[in-house]
Amino acid sequence: MSSTIDRLTDVFRDVFEDDDITLTRATTAKDIAEWDSLMNVALMLNVEQSFGVHFNSSEVSGLKDVGGLIDLLDARMGAK
Amino acid sequence: MTLREQLFAYFAEHHPRSMTGVEEARAVDPARFDQVAERFLSWGIEALGQDFLKLSADAYVTFSSDVILEQGRYELRGRYTNDSFEACKASVYHDREVMDEYLWGVYVTNFLWAHHMELSIFFEDRFLKRLPASPKLVEIAPGHGGWGAWALHNRPDATLQGYDISPSSIDIATRITKAAGVSDRATYTEQNALDLSALPEASADALICSFLVEHLEQPEQLFAVIGHVLKPGGFGFVTGALTAAQIDHIYEFKRESELILLAEANGLRVVESLSTSPRRILPKAKELPRSMGMLVQRRTQNNW
């Protein structure tokens, strides 16, 4: 079974149309040129669909880095 | 550093993902952008203190993210989240904390969203310059009060009467007009402006109504009020949103002609209009979120 970061990598590559993206927990918007406020929402909507979860608006706007997203997803999926 | 430069520096440090959008907005017309930004930010600081830059930038980020998120959910669902005023009332309009942040977020989108910067230029160039001498302005749902303060700032001979159903709006609009030094010419009343009997017929030389129509279950009521209040020949600046989701947008306008027909059906002539959209939209979007500004005029004859 794929890890959360592997599954997220697939989502990132799909959203940003870049197969070279490699994620670490420390990856932020500064590491991906197209990751602006619009694409952040596009990203989170795709993560929602891929992982079957739902984010509230403060979780979407408050996302700092990939590590934060992994923690959010793991907590959300662990609670299922 | 100018206030605009301080705001951008705050964005760069604390909200770097928002830099693309605010730089796009400034690119619409850098000189005009700086002028509008300086004015709106200085009024905000006068009203709320130096923390206003941080407060408004944070509110902008939250508001903009919410709007894009709602647009994404709208794309998936095929309809707006809410379809009644009642559904929005408790969660937005009557929650003071939510409403205050919402209004300050909207206040700065007047220049920080590129397509709204275009509307601001339309407001100043096409509407304000047409006002007659010593105009009596009516503003329906002033919200943050920025449009009215701008009109009174530009036209020292103008007076304004505003009507809003929200106590938060009345409070913020009052503070902004005071900060702009025009409060002696502005009066705000907490009242449902859709109540025709509240507003005397043909009492306004000009009228402002910005982004209210999409919040209504029966938007034709608003245009009836505008036609009722404006003097024959008087101009109105009216804006609305089309296929542009927000948590409290309940009436889904799809085409520009829908707004034009509503205006025409209520004794108004659409003299000019501007339909504008964000520079970038969600990937694979089926809908283009648009903001439309109309310069309407109360007809004096059957057709014009």
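Trainee: Into which domains is chain B divided?

Mentor: This is a predicted model. Chain B is divided into domain 1, residues 3-110, and domain 2, residues 114-298.

Trainee: How far apart do the C-alpha centres of domain 1 and domain 2 of chain B lie?

Mentor: They lie 18 Å apart.

Trainee: How many residues does the contact take from each domain of chain B?

Mentor: Here a contact means C-beta atoms, placed from the backbone, within 7 Å. On that basis, domain 1 of chain B gives 36 residues and domain 2 of chain B gives 33.

Trainee: Which elements give two or more residues to the domain 1 side?

Mentor: In chain B they are α2 (19-28), α3 (30-48), α4 (52-77), α5 (85-93) and α6 (96-112). The largest share comes from α6(B), with 8 residues.

Trainee: What classes of residue does that side have?

Mentor: The side of domain 1 of chain B that touches domain 2 of chain B has 18 nonpolar, 11 charged and 7 polar residues.

Trainee: Now the two chains. How is the size of an interface often given?

Mentor: Often as the accessible area lost when the parts come together. Here we go by residue counts. The contact between the chains takes 13 residues from chain A and 16 from chain B.

Trainee: Which elements of chain A give two or more residues to the side that touches chain B?

Mentor: They are α2 (37-51) and α3 (57-61) of chain A. α2(A) gives the most, with 6 residues.

Trainee: And what is the make-up of that side by class?

Mentor: The side of chain A that touches chain B has 7 nonpolar, 4 polar and 2 charged residues.

How values were computed. Residues are numbered from 1 along each chain as its sequence is written. Chains are lettered from A and ligands numbered from 1 in the order in which they are written. This is a predicted model: local features need pLDDT of at least 70, side-chain atom pairs count only at pLDDT 80 or more; totals for chains, interfaces and linings use all residues. Two residues are in contact if their C-beta atoms, placed from the backbone, lie within 7 Å. Helices (H or I, at least four residues) and strands (E, at least two) are DSSP runs, numbered from the N terminus. Ala, Val, Leu, Ile, Met, Phe, Trp, Tyr, Cys and Pro count as nonpolar, Asp, Glu, Lys and Arg as charged, and the others, Gly among them, as polar. Domain bounds come from an automatic or database domain assignment.
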